[in-house]
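Please open the structure in a viewer and keep the sequence panel in view.

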Amino acid sequence: MRSLNKNILFGLYNDETELLGAISKAKKAHLDIFDVYTPFPVHGLDPLLGLEESRLHQAGFVFGLTGTLTAFGFMSWAFVKDWPIIFGGKPHWPAPSFIPVTFELTVLFAAIGMVVSFYTVCGMGPGIKNPTLDDRITDDKFCIAFDTSGLNSNELDEINSFLANTGASEIHTKYI
Amino acid sequence: MGAYVSPVREPLIIGNKTYHQITEDICSPTEKTPTKQFVIGFILAATFLALYVFSVTWTVWVGIGSWNLNRTIGWGWDITNFVWWVGIGHAGTLISAILLLFRQKWRTGVNRAAEAMTIFAVICAGQFPIIHMGRVWMAIFIFPYPNTRGPLWTNFNSPLFWDVFAISTYFTVSLLFWYTGLVPDFATVRDRASGWRRKLYSNLAFGWTGSAKHWQRWESLSLVLAGLSTPLVLSVHTIVSFDFATSVIPGWHTTIFPPYFVAGAIFSGFAMVQTLMLVCRKTMKLEDYITLEHIESMNKVILLTGTIVGVAYLTELFIAWYSGYLYEQFAFYNRVFGPYWWSYFGMMGCNVISPQIFWVKKFRRSIFITFFMSIFINIGMWFERFVIIATTLARDYLPSSWSYYSPTWVEICLFLGSLGLFFTCFLIFARFAPVVAIAEIKSILKTAGDNYIGPNAVHAPHHDTHSVEEDNHSHH
């Protein structure tokens with residue numbers, strides 16, 4: 001189990017509507033949210049949290065382009081330079097014949113590259129166990145988490161009362 | 001902003017569900033002791049799998065001579081099975097990718113199982129060209145790898161070579177897409193489990209936490225993978241059709257093949273999804289998530305694609321006549337009235353005529369008729385491939401080499417056995433993984449649950465300015 005070495009104070013909400021409402025209030029109160037955990041992708045959450053759009057698709061484009069160039073370049077090299085073979089008098093560089101495989105490798109490279117990037121940037125992968133705050137977050141609870149390391153008691157009280165006032169059904173602390 | 005919900009749309013989740021109830025309903029089949037039905041089904045499937053292992057071993061040991069292929073008919077049940085299985089796979093990708101891009105919410109009820117079906121169908125499909133090689137240990141030669149013969153590369157002009165890349169890419173991308181979708185749901189099962197199951201699902205869940213940023217990336221990844229899979233699925237059966245269309249055999253070298261094959265693939269794939277889902281929803285008590293609305297939607301796709309396939313059959317006949325080309329005309333005359341006339345009429349009856357009953361809403365929503373039809377279509381689509389392959393080869397240019405072909409017991413057992421391989425894989429999946437995408441179902445609950453939309457809605461919509469999802473319900 002990986003540890004983040006953080007003391008987390010978190011509130012659990014029963015509904016994504018309450019969660020979204022609470023986050024906009026936290027923003028107004030200038031509270032620094034550590035992270036939000038939900039059982040499914042909640043729409044409207046990213047702009048509220050100020051999350052920038054993921055750049056995974058840009059990475060995907062680069063991976064795809066690598067696939068395109070690899071496939072087309074390799075086949076061209078093999079047929080024109082390395083071992084030119086005559087197939088029924090056709091030209092040595094039959095570019096249209098290369099299209100299917102070039103397309104397939106574009107898709108293959110983009111997909112593998114993006115999936116590997118996804119797990120890498122998320123810190124996930126086979127055998128990796130990241131700490132979780134509550135087992136019900138993957139079921140029906142919506143969680144707002146605050147990092148309390150280095151906060152004084154006034155600031156802690158402020159977060160506690162914020163969670164209670166915005167409709168959190170439970171408030172807990174956990175060291176992860 | 002959230003998608004507009006038409007008031008004519010029927011709920012896709014019934015039974016007044018809460019988020020927790022959804023988790024319970026979908027996870028519980030993986031947590032309970034297997035039912036008697038499951039055990040019987042599994043034993044049956046595993047028996048057929050054993051038959052498959054036996055007949056593959058027999059083929060490799062004795063050689064292709066144990067089949068009835070001959071000088072004239074070089075492709076028989078083996079390639080028929082290959083094309084049939086690849087075709088079945090296509091519905092999974094269509095549901096998970098194309099319907100995601102089209103924002104069709106009904107896909108969430110069936111996408112997980114359909115994608116699993118895709119993967120297992122492609123596994124079955126991929127075996128046949130390899131077994132067909134006879135000397136299976138030479139299969140490595142289909143890849144362009146550095147070798148000591150030059151190196152001598154493969155023929156990049158060959159559609160059979162394109163096929164290798166199409167099928168292996170299709171399998172890999174489908175697997176990645178499916179597994180990435182499964183990760184959050186494995187985390188749900190993990191967080192409910194204890195003991196060895198917790199360990200197992202912790203490993204399967206890859207350390208998923210449900211963090212907002214991770215969900216954002218997950219959605220971005222799903223969307224791009226869907227965008228990549230959409231042309232991919234069209235390309236795969238297009239390339240499979242090139243195996244025939246780029247040849248010089250009358251009856252094969254037709255330009256209509258790519259769209260005709262793709263439509264046929266989706267047609268047969270949806271039929272297999274219906275077969276599987278009708279059994280799953282009954283035995284795993286998922287009727288609230290795979291509703292009559294889902295079944296009806298899939299029957300509409302079946303009607304559409306079945307009709308496209310029908311138009312393709314008729315176009316082929318018309319073009320053969322219109323071409324004025326004797327050999328083409330004979331190929332199609334032979335296809336309808338030749339020695340394999342029974343398979344042509346089996347194909348026409350199952351694929352073109354029988355799905356027309358789905359113009360009637362009552363039949364589209366009948367579980368009995370849908371199940372019956374799904375089996376019918378699967379048989380019909382197998383016949384289609386047999387018609388294209390065997391009848392065309394049986395009557396080639398030289399009447400002196402005309403021939404007839406019927407399979408040996410080995411070929412029949414290979415086909416029946418591949419069904420065993422498929423169903424064994426599917427039953428293992430249904431036992432260990434949530435067969436319905438839990439997180440995706442939860443994300444549509446408030447726009448498609450019967451407690452939120454439709455005449456039976458019990459939850460009055462909240463008018464909360466912070467929620468975009470809630471905007472959808474303002475018309476109530």
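The stops that follow begin with chain A as a whole and then turn to individual sites. The model is a predicted one.

**Stop 1: chain A as a whole**

How spread out is chain A in comparison with a compact globule? Its radius of gyration is 25 Å, well over the 16 Å that the globule rule gives for 176 residues, so chain A is more spread out than a compact globule. Along the principal axes, the C-alpha atoms of chain A fill a box of roughly 85 × 30 × 25 Å.

**Stop 2: the domains of chain A**

Colour residues 7-54 and 131-175 of chain A as domain 1, and residues 56-121 as domain 2. The C-alpha centres of the two domains of chain A lie 45 Å apart.

Contacts and surface may be considered next. Among contacts in chain A between residues at least 6 apart in sequence, 80% join residues at least 24 apart. Of the 176 residues in chain A, 48% are buried. The chain exposes about 8600 Å², and carbon and sulfur atoms supply 60% of that area.

**Stop 3: A:Thr132**

Select A:Thr132, in the loop between α4 (95-121) and β3 (142-147) of chain A. Is this residue buried or exposed? A:Thr132 counts as buried because its relative accessibility is 19%, and the cut-off for that class is under 20%. Now show its surroundings. Leaving aside residues up to four places away in sequence, A:Thr132 touches A:Lys174 and A:Ile176 in chain A, together with B:Arg190, B:Trp208 and B:Thr209 in chain B.

**Stop 4: backbone features of chain B**

Most residues other than glycine have a negative phi, and most peptide bonds are trans.

- Select B:Asn16, in the segment before α1 (19-31) of chain B. B:Asn16 is not a glycine, yet it has a positive phi of about 55 degrees. With a relative accessibility of 44%, B:Asn16 counts as partly exposed.
- Move to B:Arg103, in the loop between α3 (77-101) and α4 of chain B. B:Arg103 also is not a glycine and has a positive phi, here of about 60 degrees. B:Arg103 counts as exposed, since its relative accessibility is 60%.
- Continue to B:Pro151, in the loop between α4 (107-132) and α5 (159-192) of chain B. The peptide bond that joins B:Gly150 and B:Pro151 is cis, with omega at about 0 degrees.

**Stop 5: a nonpolar patch on chain B**

Finally, select B:Phe330, B:Tyr333, B:Phe337, B:Trp341, B:Trp342, B:Phe345, B:Trp402 and B:Tyr404, and display their surface. Together these residues make a nonpolar surface patch of about 880 Å². Which elements give two or more residues to the nonpolar patch? They are α10 (326-337) and α11 (341-353) of chain B.

B:Tyr404 counts as partly exposed because its relative accessibility is 41%.

Definitions and conventions
Residues are numbered from 1 along each chain as its sequence is written. Chains are lettered from A and ligands numbered from 1 in the order in which they are written. This is a predicted model: local features need pLDDT of at least 70, side-chain atom pairs count only at pLDDT 80 or more; totals for chains, interfaces and linings use all residues. Side-chain values use heavy atoms; hydrogens and water are left out. Patches are made of residues with over 30% relative accessible area and no salt bridge: like charges are joined within 9 Å, nonpolar side chains (Val, Leu, Ile, Met, Phe, Trp, Tyr) within 5 Å. Accessible areas come from the Shrake-Rupley method with a 1.4 Å probe; for residues, only the protein chains shown count as cover. A salt bridge is a side-chain nitrogen of Lys or Arg within 4 Å of a carboxyl oxygen of Asp or Glu. Helices (H or I, at least four residues) and strands (E, at least two) are DSSP runs, numbered from the N terminus. Buried means under 20% relative accessible area, exposed over 50%, partly exposed in between (1.4 Å probe, protein chains only). Domain bounds come from an automatic or database domain assignment. The radius of gyration is taken over C-alpha atoms; the globule rule is 2.2 Å times the number of residues to the power 0.38. Contact means heavy atoms within 4.5 Å.
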